[in-house]
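User: I would like to learn how to read helix packing and pockets in a model. Please take me through it step by step.

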Amino acid sequence: MPIIKVKQKEEKEQIRINIECKLLDSIKKYCDWLKIKKIDDFFEQAAEHILKKDKDWIKYEKENNLIPAINKTDPSMAD
């Protein structure tokens, strides 16, 4: 079952990243496999998944009274 799903976000900010060629090739193949047209969707959803699942990050957010930027109860990101 695919972990990444195609979805639209409203507000975007453009960034620039450098990534190893072999990793980028695998990401592109994964996106092609799922018919994800914009590689941005892969990176957004991968980052959301990490931020929702990293227990140390969630603990840090709570300890520092940070307001989570993403909804940790989103059922679409469930295991």
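Analyst: Helix 1 (residues 21-34) and helix 2 (residues 39-53) pack at an angle of about 105°, with their axes 10 Å apart. Keep in mind that this is a predicted model.

User: How is the angle between helix 1 and helix 2 put into words?

Analyst: Angles of 65 to 115 degrees count as roughly perpendicular. Helix 1 and helix 2 are therefore roughly perpendicular to each other.

User: Which residues of helix 1 and helix 2 meet?

Analyst: From helix 1 come L24, I27, K28, Y30 and C31, and they meet I39, F42 and F43 of helix 2. Sorted by class, this contact has seven nonpolar residues, no polar ones and one charged residue.

User: How does the reach of helix 1 relate to what is expected at 1.5 Å a residue?

Analyst: Span is read from the first C-alpha to the last. Helix 1, with 14 residues, reaches 20 Å, close to the 20 Å expected. Just after helix 1, K35 takes a positive phi of about 60°.

User: At what angle do helix 2 and helix 3 pack?

Analyst: The angle between helix 2 and helix 3 (residues 55-63) is about 70°, and their axes lie 5 Å apart. Helix 2 and helix 3 are therefore also described as roughly perpendicular to each other. Their contact is made by L51, K52 and K53 of helix 2 together with K55, W57 and I58 of helix 3. By class, that contact divides into three nonpolar, no polar and three charged residues.

User: Now the pocket. How much space lies in the largest pocket, and which residues lie nearest its centre?

Analyst: The largest pocket holds about 700 Å³ of space. Its lining comprises 23 residues, and E13, I15, D40, F43 and E44 lie nearest the centre.

User: Which elements give two or more residues to the lining?

Analyst: Those elements are helix 2 and helix 3. Helix 2 supplies the largest share, seven residues.

User: How do the lining residues divide by class?

Analyst: The lining of the largest pocket has 11 nonpolar, one polar and 11 charged residues.

Key. Residues numbered from 1 in each chain as written. Predicted model: local features only at pLDDT ≥ 70, side-chain atom pairs only at ≥ 80, totals over all residues. Heavy atoms only, no water. Axes fitted to C-alpha atoms, helices over the stretch in contact; angles between N-to-C directions. Helix = DSSP H or I, 4+ residues; strand = E, 2+ residues; numbered from the N terminus. Parallel < 35°, antiparallel > 145°, perpendicular 65-115°, else oblique. Contact = heavy atoms within 4.5 Å. Nonpolar A, V, L, I, M, F, W, Y, C, P; charged D, E, K, R; others polar. Expected span 1.5 Å × (residues − 1). 1 Å grid on protein atoms, 1.4 Å probe; cavity = no way out; pocket = protein on both sides within 12 Å on 5 of 7 lines; lining within 4 Å. Points joined across faces, edges and corners; volume = space filled by probe spheres on them.
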